[in-house]
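Please read them alongside the structure.

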Amino acid sequence: MARPDTSDFIPSPDSLHGLRGLRPVLVGRALSALSAQVLAVAVGWQIYALTHSVAALGFVGLVQFLPMLGLVFIAGHVADRHDRRRIVQICQTIEVLGAILMAVAALTGHLAPWAIYVLVAAFGALRSFEAPAQQTFLPAIATPAQFPRAAALSSSLFQTASIIGPSLGGLLYGLGAGLCYLICAIGFAASLVATTMLRLPPYAGNRSPMSLASVFGGIAFLRRRQDLLGAISLDLFAVLLGGATAMLPVYASDVLHLGPIGLGMLRSGPALGALAASLILARYPLQGRCGPIMFLAVIIFGIATIVFGLSHDLTLSVIALAVLGAADVISVVVRGALAQLATPDGMRGRVSAVNMLFIGSSNQLGEFESGMLASAIGPESAVVLGGIGTIVVAGLWIRLFPRLWTLDRLDHIKPEE
């Protein structure tokens, strides 16, 4: 049988075929996400088992957020001045050592709540330096046409790890928290190996003198790019108000009456939906009207949060969480493309740092807010109220940031100095 003639084959501009460096970036992120998910399940379940306190779950988010708040702007400046790959390698090495320390402490029975808070805070500080540098990897190797598809593929692998991680964490926690932390150490070490294999284009760094203006340059840039400011702040308030995931240990234990495996199923729900959406976006990238699509996704996120808050059925709860995760990943892809493609390379570390601060505020500070509100009015009322707040914020942001509402194609985004 004659073979088809491929001599005239020309890949499309957004094709990822032959994109050098993509595999280490994707593998490193997926392994890191897998380890972080196992760690989150172990920490959440162990803290609640030791304290039986909803507020204690909220404090886990707070102690992760406070180091980030104090270090994130310095970390962004460091990422724009020094070797970004080396920064990530140093952080991942310390994460390996920290996870080993948690494993030893848990196995010997010395991991008290205060020690968990200290170690979680240390991981928060490390993420403050690691994330801004790591987020510059993908735009450094992909063209603007390739970036949305590459970002969606990265998100799909991240979500796959997020599905496996909670289930694996729930299973391993049944055998002991120490084993969970040991698996985390192995995962962080494998991610470090992938980062070491990555080869990036030469980056000289921003050699301007360190000053308040340069450290906070990311904020000044966002003031000029109102569409980017709107996208990041929308995510902040939407997830801050609609942070149902912080209540999953409470729902698993007190509302749905499940064990650690059930908690793993609930944690996998958002990742299942996000994985499905990521795979669709990787195959069929958004072609236009990205602003309205993002706002619609945030509104669906709020509706799904309300459904989860009212549910007393495991199947319905997982479905609501899956819809929530699918809606969230659409917002993440649009916001991530806007943040990276609209930012000059010499500013990406600082803008990524501000973006990470907003993400950290919505996730870790959102966990604290959800824990405090749940302790005051009950977990179900807190989740439902948060979903309603998310929908209100989406409507308000449409009026406050009209340029974001009119955002069309992602591959038409141009960097601005």
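1. The largest nonpolar core comprises 53 residues, and Val 72, Leu 138, Leu 228, Leu 234 and Leu 404 have the most contacts inside it. Such a core is a set of buried Ala, Val, Leu, Ile, Met, Phe, Trp, Tyr and Cys residues joined through side-chain atoms within 4.5 Å. Apart from it lies another core, of 50 residues, including Val 38, Val 63, Leu 119 and Val 383.

2. This is a predicted model: local features need pLDDT of at least 70, side-chain atom pairs count only at pLDDT 80 or more, and totals for chains, interfaces and linings use all residues. Residues are numbered from 1 along each chain as its sequence is written, and side-chain values use heavy atoms, with hydrogens and water left out.

3. Leaving aside residues up to four places away in sequence, Leu 234 touches Met 294, Phe 295, Val 298, Val 393, Ala 394 and Trp 397. Contact means heavy atoms within 4.5 Å. Among contacts in the protein chain with a separation of 6 or more, 88% join residues 24 or more positions apart.

4. The protein chain has 17 helices and zero strands; these are DSSP runs (helices H or I, at least four residues; strands E, at least two), numbered from the N terminus. Of its 417 residues, 56% count as buried, where buried means under 20% relative accessible area, exposed over 50% and partly exposed in between (1.4 Å probe, protein chains only).

5. Val 323 is found in helix 14 and is partly exposed, with a relative accessible area of 37%.
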